[in-house]
Amino acid sequence: MKSFLTVPKLAGAMMVTLSLFLSACLGQEDKTSGKPVVMKTISNFKEPDSVVFDAKRNQFYVSQANFKQPYGGGIISTVSPEGEITNLTWITGLNVPKGMALYQDKLYVADSNNLIEIDIVAGKVAKKYYVAGSLLLNDVTVADDGTVYVSDTLTNQILRLVPGKAIEAWISDENLDGPNGIEVDGDVLYVASWGEIKEKNMKGLLAAQPLGKLIKINIKDKSIRPLSKEPVGNLDGLEFDGKGNAYISDWKTGTLHLIKLDGTILKSFDMAKILGVESARGLADIVHVKDKEQIWVTMMGNGTMQMLSIGKKQEAK
Ligand SMILES: [Ca+2]
């Protein structure tokens, strides 16, 4: 009787172990499938922060802080879909241009204490909206009706510009948790937060703890709800993938996450491994180019922009 019971028990235990092992392997494989493949590395940017794609003109805009210049050296370049810099100094004279968003023939840029409106056709700054009391205007997103939202990371604020009105503080709340990347979708504003910032300066920014999360704001009633159950990272870029998920970047660790809009992380990619470099610190913004199954990411740390394929027909160069 003893051996009769022991053998099946042992076999059962082995089967459980084997299935756990297999599911762990399969789970791991699933976590990294769809891994971005580097198509091209575009160099010579000057602390690039944000990238957007203008489908109408078939070109990208890349904002750069250009720290080596005196204050006011910030620029925006145009880049072709092939990854050639077509005009390095398309817009000059900005301070620290960061997040950008397109609306019709306008490009909105968060530039230290100003929200800048660029007339794309003229290739000129058309308007500047000064935000008194702001410390680090960071990302921009525009709703279908033309309302522009701007995050101010250090003051835990989101401001908004309703067409025809003055720019106004829209939400000011500690639960915004150092709001960085923002993306609007109908009545929802998603926020990729940097984390809790105790000292409102650059030192405090780098020491933020606990780390940031994906947060949801209901635009109608301004209610704020964290979607991530656990802190994720020093989140920076936020970009929808067009399939109900979003790409978010962890600036400090150089990790690119694909996150479901309920806060579940689906996949995580270590950009340093993908690029074969030691560190991908400074991974900033992301743009999804739908027609080409590509994402382009800016890397503030090494002055590059990476053209990455996320589609099935991946061809590395
Ligand atoms: Ca940002």
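Hi everyone, let's begin with a definition: two strands pair if DSSP finds at least two bridges between them. Strands themselves are DSSP runs of E with at least two residues, numbered from the N terminus.

Now, a word on what is above. This is a predicted model, where local features need pLDDT of at least 70, side-chain atom pairs count only at pLDDT 80 or more, and totals for chains, interfaces and linings use all residues. Residue numbers start from 1 along each chain as its sequence is written.

Four strands make up an open sheet with antiparallel pairing, in the order β6-β7-β8-β9. At its edges stand β6 (97-103) and β9 (124-130); each has a single partner strand, so one side of each is left without a neighbour in the sheet. From one strand to the next, the twist averages 25 degrees, with axes taken as lines fitted to C-alpha atoms and angles running from 0 to 180 degrees between N-to-C directions.

How many bridges join β7 to β8? Six: strand β7 covers residues 106-111, strand β8 covers residues 114-119, and the two run antiparallel. Find Val109 on your screen, and you will see that its bridge partner in β8 is Ile116.

On to another sheet. Here, too, four strands form an open, antiparallel arrangement, ordered β10-β11-β12-β13. Its edge strands, β10 (137-142) and β13 (168-172), each pair on one side only. Neighbouring strands in this sheet are turned by 25 degrees against each other on average, direction ignored.

And which residue stands opposite Arg160 in β13? That is Glu168. Strand β12 (residues 157-161) is joined to β13 by four bridges, and these strands run antiparallel.
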